[in-house]
Amino acid sequence: MRIETLKQLNEAKRARRAAILVTDLATSEDRLALEGETLAGVSPDTLTKAFLSGKSGLVEDEGRSFFLNVHVPPPRIVVIGAVHISQALAAMAPAAGFDLEIIDPRTAFATPERFSGVKLTADWPEDVLKDNPLDAFTALVAVTHDPKIDDYPLVSALKTGCFYIGALGSRKTHAKRVERLKEAGCTDAQIARISAPIGLDIGASTPGEIAVAILGDIIQALRKRAIGAGT
Amino acid sequence: MNDIANFDDPLLIAEGWKNEGRDVALATVIETWGSAPRPVGSHLVIDGEGNFHGSVSGGCVEGAVITEAMDVIGSGNSRMLEFGVADETAWRVGLSCGGRIRVYVEKVA
């Protein structure tokens, strides 16, 4: 392996970008493909499948044998709002392989007693996200119902290209939200990415069921995301 | 919490060792059959002195991989290794779990 390739790969991991190290086993030649890029001699379909599944393995392409080592950043969920749904979501997310953290400036909600063992910050999202920004492998779930708290992280998620953005609220609430986001400079295409009403439509009723609907929605967004050049 | 700050990552260690001027080989699990303890893509990094980090099995074949890695560092030629119960080396370094693995060893140059 060339040291230059190793440095590129470590740099991609540091920047939380998805990358595949492709090694030609006959020649030992190694190349790096970042998500959205193509490589000569390897079909875009092969790269897309690997990026979506996150699975490393051997592939045969046009008679050549390649090893694909897939490096996808660990996906995380940032929840805005320390509410009942968040409690259920915090319990389920680790089982599905997601790191989760909760941000809510309302200290009455953000109590360690209600969120034992969960990363919880009782502060304004704009302050917390400044030090720990959102990115393409982060899902943003806004569930406070309060525009003062939800709107900033929603705009931030649209701008950084979070793979999933969901906001709790009725269609009426969301219509008002759309107007505010437009005023904040978001385009229609960006706003259309928001899952609202939040979660898969499974008729969820209780906080626990809504958490399941949200988690399913997040998994679908991650595993079916558009890979760019490969799709 | 942040994997970026994970100093146990063999790939970061490989880069660090190279920067220190050490000879480095990288071993990677590229195929597994049956119950292999480490998934495809796992790494073991080895330096010219036999220091190592990471793992390609539950500890059963690391010794053999390190020996091969020293040869790879010397020759510069990559090598494909296979371990498992079907292999005649099973008695010495076989996987106790009954699985089989293929490990690719290459020099970082």
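Guide: Two strands count as paired if DSSP finds at least two bridges between them, and with that rule in hand we can read this structure, which is a predicted model.

Visitor: How many bridges join strand β4 of chain B to β5(B), and do they run parallel or antiparallel?

Guide: Strand β4 of chain B, residues 79-84, is joined to β5(B) by 6 bridges, and the two strands run antiparallel. For one place to look in this pairing, find G84(B), which stands opposite R100(B) of β5(B). On β5(B) there is also a pairing with β1(B), again antiparallel, and this one is made by 9 bridges. Here you can find V29(B) standing opposite V103(B) of β5(B).

Visitor: Why is β5(B) described as largely enclosed by the rest of the structure?

Guide: The reasoning rests on a count of neighbours, because a residue is called buried if 20 or more other C-beta atoms lie within 10 Å of its own. In β5(B), 9 of the 9 residues are buried, so the strand is largely enclosed by the rest of the structure. Leaving aside residues up to four places away in sequence, A50(A) touches I20(A), K55(A), L68(A) and V70(A).

Visitor: Is helix α1 of chain B mostly covered or mostly open, and how many of its residues are buried?

Guide: Helix α1 of chain B, residues 10-19, is mostly covered, with 7 of its 10 residues buried. The buried ones are P10(B), L11(B), L12(B), I13(B), A14(B), E15(B) and W17(B). To see what covers them, look at both chains, for the cover includes α1 (3-14) of chain A as well as β1, β2, β3 and β5 of chain B. After α1(B) comes G21(B), whose phi is positive, near 90°.

Visitor: How many residues does the contact take from chain B and from chain A?

Guide: The contact takes 19 residues from chain B and 18 residues from chain A. On the side of chain B that touches chain A, the elements giving two or more residues are α1, β1 and β5 of chain B. The largest share of that side, 5 residues, comes from α1(B). By kind, the residues on that side of chain B divide into 11 nonpolar, 3 polar and 5 charged.

Visitor: What ipTM and pTM does the predictor give the complex, and what is the mean pLDDT of chain B?

Guide: The predictor gives the complex an ipTM of 0.84 and a pTM of 0.82. For chain B the mean pLDDT is 84, and 81% of its residues reach 70 or more. Over residues 1-5 of chain B, however, the pLDDT is below 50, and this stretch has 4 contacts in the model beyond near neighbours in sequence.

Notes: Residues numbered from 1 in each chain as written. Chains lettered and ligands numbered in written order. Predicted model: local features only at pLDDT ≥ 70, side-chain atom pairs only at ≥ 80, totals over all residues. Buried ≥ 20, exposed ≤ 12 C-beta atoms within 10 Å, placed from the backbone. Helix = DSSP H or I, 4+ residues; strand = E, 2+ residues; numbered from the N terminus. Contact = placed C-beta atoms within 7 Å. Nonpolar A, V, L, I, M, F, W, Y, C, P; charged D, E, K, R; others polar. pLDDT = per-residue confidence, 0-100.
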